[in-house]
Structure formats: C-alpha cells, structure tokens
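Here are some notes to read beside the model. Please keep the sequence and the structure open while going through the points.

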Amino acid sequence: MNNENSVEDLKESREKEIVKVSIITIIVNLLLSAFKGTVGFISNSVAIQADAINSLSDALAAIVTIIGIKLSGKDPNEKHPLGYGRYEYLSDGIVAFLVIYAGITTFVDSIKKIISPGKVEYDSITLAVLVVAVIVKIALGMHEQKVGEKNNSNALKAAGVDSISDSIVTSVVFVSAILHMMFKINVEAYLGLIISVMIIKSGFEMFRETIDEILGNRIQGDLINAIKGTLSDNESVYGAFDLVLHAYGPERYIGSVHIEVPSTLTMEELDFLERKLTADVYRKHGVFLSGIGVYSVNVVDEDVIALRNRVTEIAVSYEHVMQLHGFVVNMKEKELRFDLVIDFMSENSDLLIKKIKEHVKSEYPDFEVSIQKDINVDL
C-alpha cells in the first residue's frame with residue numbers, strides 16, 4: 001500500500017466512524033424526544049417539553065453533521081482544488097444555530113408558563129422516562145466525546161458535551177417532579193427557563209468555536225512538534241522553523257516550513273532532501289508541505305560560526321525573544337541578517353528589535369544589520 005492510500009484510508013475510516021455515531025445519535029434522540037414530548041404533553045410540563053425539544057435539536061444537529069462530513073469528502077476539482085473539507089466548519093455553524101433556536105423557543109415557552117401557569121401532573125411513568133433518559137444521555141455523551149476526540153470532530157465533541165449537559169438538565173427535571181409529587185411545589189416553568197439559558201449558552205459556545213476555526217486557530221502543539229521532529233530526524237536538517245499550516249477542514253492541512261541545512265549541500269542533494277521530507281511528512285502526519293524554504297548554515301568558516309553564536313547569545317538575552325534563526329552573513333559585503341521570533345507578551349516588539357539591532361551594531365559596527373520579525377505561529 002502506498003503512502004497516499006494510507007492517509008486516504010484513515011480519512012475514510014474517520015468519516016465512517018463519525019457517520020456511524022451520528023446515526024446512533026439521531027435514533028436515540030428521536031426516541032427520547034418522542035417519549036419526553038408525550039410525557040410532557042400529558043403532564044403539561046413545560047420543562048419536560050423543553051427537554052424534548054432539546055433532544056429533537058440534537059437529532060437535527062446530528063443530521064447536519066452527517067451532511068457536512070459527506071460534503072467535505074467530495075473530491076477536489078477545478079473550482080475547489082484544495083477540496084471541500086471546510087464544509088465541516090459550515091455544518092458546525094448550522095448545528096450551533098439550531099441549538100440557539102431551540103433554546104430561544106424554550107425560553108419563550110417558559111416565560112409564557114410563568115405568566116400563565118397551568119396544572120402539572122407527574123406520575124411513576126414520568127419518573128421512569130426521565131431516569132432512562134438520564135442514563136441513555138450519559139452513555140451517548142461519553143461515546144460521542146470518545147469518538148470525537150479520536151477523530152478530531154468538533155461537532156461530535158460538542159454533541160458529547162451537550163448530551164452530558166442534557167443528562168444534568170433531565171436530572172433537575174426529575175428532582176422537580178419529585179418535589180411536585182411529594183410537596184406540591186411547582187417550579188418546572190422556572191426550570192424550563194434555566195434549561196433554555198443553558199441551551200442558548202451551549203449554542204453560542206459552539207458558534208464561537210466555529211468562528212475560531214474559520215478565522216484560523218493555532219494548530220495543536222503535538223502536531224507541530226511531531227512534524228518538526230520528522231524533519232529534524234534527517235541528519236542534513238539542523239532545525240525546522242516557521243511551520244505554517246492552513247486547515248481545509250479537520251485533519252486536512254497544507255503547509256510550508258523553513259529548514260536549516262549545511263551550506264555544503266549541492267543543489268542536487270538539496271532537491272532530493274526536500275522531496276524526501278515532503279513524502280515523510282505526508283506519510284507520517286497526512287500533511288502536505290507545499291513549500292520548503294531553506295536557510296543555509298555556514299559550517300566551514302570559524303569566524304562566521306563564532307559570529308552567529310555571539311549574535312544568538314545577544315538576542316536571546318532579551319525578554320520576549322523566543323528564537324533566532326535564518327542567520328546569514330556576507331563577510332565581504334559586511335551584511336548580517338537573521339529572523340527573530342517574539343512572543344505575544346511583548347508590548348512593543350518593534351522597539352525590542354530596535355534595541356537588539358543597536359546592541360549587535362555596537363559590537364559589530366562594520367556590519368549592516370537587518371532583522372526580520374517573525375510571528376509566533378508554531379512555538
């Protein structure tokens with residue numbers, strides 16, 4: 001089996017698992033919604049009715065998740081050469097909207113019940129349905145989260161959290177029913193109000209996460225470090241820097257990186273190295289490196305090596321400087337260039353770079369010093 005097929009097999013397996021769990025979620029939530037809705041209607045309980053609507057919205061959300069994962073799996077074409085992976089982000093946004101809508105509907109119904117309360121009747125059947133709903137929702141939520149974490153599916157992870165939250169909400173409704181049956185205390189309309197607020201809050205959190213994905217989150221450190229490790233495992237690579245990954249859907253990354261290599265490499269050797277690194281990263285991590293930039297490291301001239309070491313020592317002595325790389329010096333033209341990575345805690349990175357430049361110039365006045373500021377995207 002070739003490398004590409006291995007990655008594609010993983011993507012296909014991911015899709016199957018997400019769809020399978022989503023179908024289970026649809027069936028379970030439709031059944032729960034039907035039972036809760038029936039019990040809520042018979043008992044005239046707005047809290048149980050709200051819980052039923054919430055279960056129905058969960059089923060609709062799972063349907064949208066399936067549609068999203070299927071659309072995202074479409075093959076690239078001339079119009080969309082990088083594929084349709086970002087459809088998953090769109091489906092996540094729709095799911096968030098459905099959750100918010102369900103919460104608002106429940107909120108309005110609860111307000112109406114508070115203004116005009118009706119008679120509520122609970123019985124043993126009601127309690128049994130609520131207990132079963134709690135147990136089922138906990139089991140479903142744990143399974144959704146487990147599969148969501150394994151397959152990096154925000155929709156499933158959010159569904160898992162939502163299912164666990166639903167079980168808590170249903171437990172509160174169960175307590176409300178006990179209070180009413182034992183002491184004739186009717187708080188179910190107020191509980192419906194609380195439930196609706198929790199639903200709306202959950203929807204907005206899901207929507208915020210979707211916006212973060214669209215804007216571009218920092219890629220998880222484990223993947224960054226793993227890719228850098230793969231690159232640096234090659235004896236001709238002294239370091240990997242400026243790794244930038246663009247997400248075209250979960251687990252669909254295209255990126256670029258800079259590597260430091262010895263100045264003694266020939267063009268033929270460098271070409272072979274870049275091809276090998278690109279293949280290794282795709283095989284091990286499913287990430288396609290569309291470009292590999294090169295920083296040449298002088299490993300022959302002792303004066304250049306000493307200069308690099310001293311400049312590095314100066315730069316990293318300043319607070320907020322995370323890294324120096326891309327060091328190059330032209331001894332004949334007296335030009336010195338390097339990149340600095342500044343952390344986001346620096347209040348004035350331009351001023352910091354100016355100070356470092358002046359410091360380097362004070363020790364090497366004959367050199368023209370040029371410093372490029374790098375964004376902390378991969379540390």
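1. Tyr295 touches Phe241, Asp242, His258, Ile259, Glu260, Val261, His325, Gly326 and Asp339, when residues up to four places away in sequence are not counted. Contact here means heavy atoms within 4.5 Å. With one of these residues, Asp242, the side chain of Tyr295 also makes a polar contact of 3.0 Å. A polar contact is a pair of N or O atoms within 3.5 Å; within protein, one atom must be able to donate a hydrogen and the other to accept it, and residues adjacent in sequence count only if both atoms are side-chain atoms.

2. The model is predicted: local features need pLDDT of at least 70 and side-chain atom pairs count only at pLDDT 80 or more, while totals for chains, interfaces and linings use all residues. Residues are numbered from 1 along each chain as its sequence is written, and side-chain values use heavy atoms, with hydrogens and water left out.

3. Tyr295 lies in strand 3, residues 287-297. Helices (H or I, at least four residues) and strands (E, at least two) are DSSP runs, numbered from the N terminus. Is Tyr295 buried or exposed? Tyr295 has a relative accessible area of 13%, so it is buried. The cut-offs are under 20% relative accessible area for buried, over 50% for exposed, and in between for partly exposed (1.4 Å probe, protein chains only). Between Tyr295 and Gly73 there are 222 residues of separation along the chain, and their C-alpha atoms are 37 Å apart.

4. Helix 8 covers residues 267-285, and its 19 residues should span 27 Å at 1.5 Å a residue; the end C-alpha atoms are 27 Å apart, which agrees. The expected span is 1.5 Å times one less than the number of residues. Which residues of helix 8 are buried? They are Leu270, Leu273, Leu277, Thr278, Asp280, Val281 and Tyr282. Gly286 follows helix 8 and has a positive phi, near 70°.

5. Most residues other than glycine have a negative phi. His320 is partly exposed because its relative accessible area is 23%.

6. Val369 is part of strand 6, residues 368-374. With a relative accessible area of 1%, Val369 is buried. Leaving aside neighbours within four places in sequence, Val369 is in contact with Leu336, Phe338, Lys357, Val360 and Lys361. Val369 and Ser263 are 106 residues apart in sequence, and 21 Å separates their C-alpha atoms.

7. Ser349 is found in helix 10, residues 349-363. Its relative accessible area is 17%, so Ser349 is buried. Not counting residues up to four places away in sequence, Ser349 touches Ile342 and Lys373.

8. How many cavities of 30 Å³ or more does a search of the whole structure find? The search finds 3. On a 1 Å grid over the protein atoms alone, a cavity is a set of points where a 1.4 Å probe fits but cannot get out; lining residues have an atom within 4 Å of a point. Grid points are joined across faces, edges and corners, and a volume is the space filled by probe spheres set on the points.

9. The largest cavity holds about 160 Å³ of space. Its lining has 16 residues, and the closest to its centre are Asp58, Ala61, Val95, Ala155 and Ala159. Helix 1 (3-43), helix 2 (46-72), helix 3 (87-115) and helix 5 (154-183) each supply at least two lining residues. Helix 5 gives the largest share, 6 residues.

10. The second largest cavity has a volume of about 60 Å³. Asp92, Asn154, Ala155, Ala158, Met206, Glu209, Thr210 and Glu213 line this cavity. Helix 5 and helix 6 (188-215) each supply at least two of its lining residues, and the largest share, 4 residues, comes from helix 6.

Methods: On a 1 Å grid over the protein atoms alone, a cavity is a set of points where a 1.4 Å probe fits but cannot get out, and a pocket is an open set with protein on both sides within 12 Å along at least five of seven lines; lining residues have an atom within 4 Å of a point.
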